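Trainee: I have a model open and would like to learn how to read it. Where do we begin?

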Amino acid sequence: MDQAPYAVYEVRRIYYAARTPDCRAHHGRSCRSPKWWCRQPLTEQCRADHPGGDYEPWCPGHRECRGPAKKGPAWRSVRTVWEGDRRTAEQLIQQFASGHGLALERGETSGIQRAHYLTADGGFPAAAAFAVAAPAGVRDKQRTYFEEAWTRHTGDVGPRWDPLRPLPTPDPPRPTGGKPLIRQARSVGGVTLIA
Ligand SMILES: [Zn+2]
Ligand SMILES: [Zn+2]
């Protein structure tokens, strides 16, 4: 295992707030005119104090009216930022952590140490990011406009480390009506980076 090529990956995630039942009920499949209650559920207090009309809920959105947002879809970015031997890869993670005063944390399933430089807490939307040493071979991946969304949510521009290579060109769109699309976790050497 010590001979296998290793890499340092920078993994960034944006967790969006889920749409509320009211949003689905009143705005249909896609929400084109978002209100505050599309992402934050109305509290019982609000429903009692601000009864809505027939068309959709009405409320000015006082603090006591807003319930906590729930976790919705996540956008993920994985960039390879270094490749080489395992020992050096793990040293780079430790140096990054100590240089920035970061605690190293073990992944829940992988047990591999990660240097988290941004942690998600306090509701949604939220952003989280870490660097990790793992076997080489994970394909770089991030969706279009990830960087714009990342900057909007964090104020950061791009990843903290320089990526080793540009993003691969996206796969061509699949023809519709074919086989059902099955999403698979990308796992290399027992390390799952994208679930
Ligand atoms: Zn809505
Ligand atoms: Zn209200």
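Mentor: Begin with burial: of the 195 residues of the protein chain, 38% count as buried, where buried means under 20% relative accessible area with a 1.4 Å probe, protein chains only. This is a predicted model, in which local features need pLDDT of at least 70, side-chain atom pairs count only at pLDDT 80 or more, and totals for chains, interfaces and linings use all residues. Residues are numbered from 1 along each chain, chains are lettered from A and ligands numbered from 1 as written, and side-chain values use heavy atoms, without hydrogens and water.

Trainee: How many helices and strands are in the protein chain?

Mentor: Helices (H or I, at least four residues) and strands (E, at least two) are DSSP runs. The protein chain has four helices and eight strands, in the order β-α-α-β-α-β-β-β-β-α-β-β from the N terminus.

Trainee: Which residues coordinate the zinc ion (ligand 2)?

Mentor: Donors are N, O and S atoms within 2.8 Å of the metal (3.2 Å for Na, K and Ca); water is not among the atoms, so sites may look incomplete. Here the donors are Cys 46 (SG), His 50 (ND1), Cys 59 (SG) and Cys 65 (SG), at 2.1 to 2.3 Å. Their spacing in sequence is C-x3-H-x8-C-x5-C.

Trainee: What do His 50 and Cys 65 tie together?

Mentor: Both lie in the loop between α2 (44-49) and β2 (71-84), so the pair ties together parts that are 15 residues apart in sequence. His 50 and Cys 65 are both buried.

Trainee: What is the geometry of the zinc site?

Mentor: Four donors count as tetrahedral if all angles lie between 85 and 135 degrees. The site of the zinc ion (ligand 2) is tetrahedral, with angles of 103 to 123° among its four donor atoms.

How values were computed. Buried means under 20% relative accessible area, exposed over 50%, partly exposed in between (1.4 Å probe, protein chains only). Four donors count as tetrahedral if all angles lie between 85 and 135 degrees; four count as square planar and six as octahedral if opposite donors are over 155 degrees apart and all others between 65 and 115; anything else is irregular.
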